[in-house]
Amino acid sequence: MPFVLPAVPVLLCRTIILVSVVVATEGTRPLSRGTIFDSGQFSNETVQQVHISLAGPNYIRVSWITSSSFALSIVEYGEKPGIYDNMATGSSESYSYILYKSGLIHNVVIGPFAANKVYFYRCGGDGSEYSFKTPPEGPEVPVKLTIVGDLGQTKWTQSTLDHIQQMDYDVLILPGDLSYADYYQPLWDSFGKLVEPLAVSRPWMVTEGNHEMEEIPFLISPFRSYNARWQMPYIESGSDSNLYYSFEVAGAHVVMLGSYADYSWDSSQWQWLQDDLAKLDRHKTPWLIVVVHAPWYHSNAEHRNDGDGMMKALESLLQKAKVDVLFAGHVHAYERTNRIFQGKPDPCGIIHITVGDGGNREGLARRFVDPKPEWSLFREASFGHGLLQVMNSTHAQWTWHRNQDNENVVTDAMWLNSLTDPLNFCMASTG
């Protein structure tokens, strides 16, 4: 059966979408390439929209959707194709949105697994076989993190995904604004199908953006669709909300914060973050990475000051914890800063990188403020994605890859030195 809305809700949701597009595209943004849309049709028992995510040390969560309410929430897996020595069961749920009803959303946690190894699996007891590679383990072992924000589902998105698929990476991190469904729920289904070829084989770790809110006062609570479809390891990391959590991969501790959850000093998020940072072992995970949606430092004319409230509440806490780099989306352009703290360059500050340039339907944010702030080192309004290669406990390389003439072009690159490096000035000065 197709995942489509009846005529009246379609009209209502498309009206809401039209209003949101008009508001979001004020300014000088050019039109993006057209939206890729798949109605989501599939037969009973068919498994689709498969994606995996990390679910605590050595475990993987497998998520997928079926149209049948009788489909089994099981995953069979093993080390060889077609031979499944293990099986795990999980849970399933569906949700309603006005007159739309989702398919059955399955979540199964499998493992434990060895590091840096390929495993094969299938969902629901039959159907296609998939494979994934687990990330490497250890602070001195290289790991590659692909980072792309504000992805959407346009032809530019497809170009970005094609470039990413050609790369060798271990985990993909998405700092919010996934499907750009904006109330029209079938776009969540088409997004799941669009990213499935990548998301079945490498963990996708996401946080929410403003386009995931989809709140209708008195009818629909915020983030209903996002929380149902993209379950992250918040329970495994001691959080009380799917909107903020943390995970570890090789020598990096990654904190995924919620720009649209309460972050005031007496909030659950603030308290969880303080506790999470206090438990860190920087010998085990010398790299500390933070991901938000709304950037704290950028010099684009769009979304000025959207992240200021969160920055005011959390910057000192993150500075004290010696965060190495903070990634954000929201602004549809690329920008990289110097190490910065409280608005000024600081050798012990945080590097801020905005990567809200995945290919969304709203187009690029081309206008930057002039003169360029002294802390802004590189900025460009182009679609693309980034790659953070953590080489060892002290050094990492960042590269930004522009989608230029349908080619994967490296446009910006830098080396990072961890703030926990014993030879780093900040470590030496603080003991």
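Mean pLDDT comes out at 90 here, with 89% of the residues at 70 or more. That's a predicted model, then, and the protein in it has seven helices and 24 strands. Of its 431 residues, 60% are buried.

**Confidence**
- The stretch to watch is residues 1-28, where pLDDT stays under 50.
- The model still gives residues 1-28 49 contacts beyond four places in sequence.

**The protein as a whole**
- Take the contacts with a sequence separation of 6 or more: 70% of them join residues 24 or more positions apart.
- The protein exposes about 16900 Å², and carbon and sulfur atoms supply 54% of that area.

**Helix 3**
- Helix 3 covers residues 186-199, and its 14 residues should span 20 Å at 1.5 Å a residue. The end C-alpha atoms sit 19 Å apart, which agrees.
- There's a bend of about 30° at Lys-193, and a proline, Pro-197, follows within four residues.
- Helix 3 is largely enclosed by the rest of the structure, because 12 of its 14 residues are buried.
- Among those buried residues are Trp-188, Phe-191, Leu-194, Val-195 and Leu-198, along with Asp-189 and Glu-196.

**Ile-164 in helix 2**
- Ile-164 belongs to helix 2, which runs over residues 155-165.
- With a relative accessibility of 0%, Ile-164 counts as buried, the cut-off being under 20%.
- Setting aside neighbours within four places in sequence, Ile-164 touches Thr-146, Val-148, Tyr-169, Leu-172, Leu-198 and His-385.
- His-401 is 237 residues away from Ile-164 in sequence, yet their C-alpha atoms are 9.4 Å apart in space.

**Strands 16 and 17**
- Strand 16 (residues 287-291) pairs with strand 17 in the parallel sense, over three bridges.

Methods: Residues numbered from 1 in each chain as written. Predicted model: local features only at pLDDT ≥ 70, side-chain atom pairs only at ≥ 80, totals over all residues. Heavy atoms only, no water. Helix = DSSP H or I, 4+ residues; strand = E, 2+ residues; numbered from the N terminus. Buried < 20%, exposed > 50% of the residue type's maximum accessible area, 1.4 Å probe, protein only. Contact = heavy atoms within 4.5 Å. Areas by Shrake-Rupley, 256 points an atom, 1.4 Å probe, with all protein chains shown as cover. Expected span 1.5 Å × (residues − 1). Bend = angle between axes of the 7 residues up to and from the residue. pLDDT = per-residue confidence, 0-100. Pairing = 2+ DSSP bridges.
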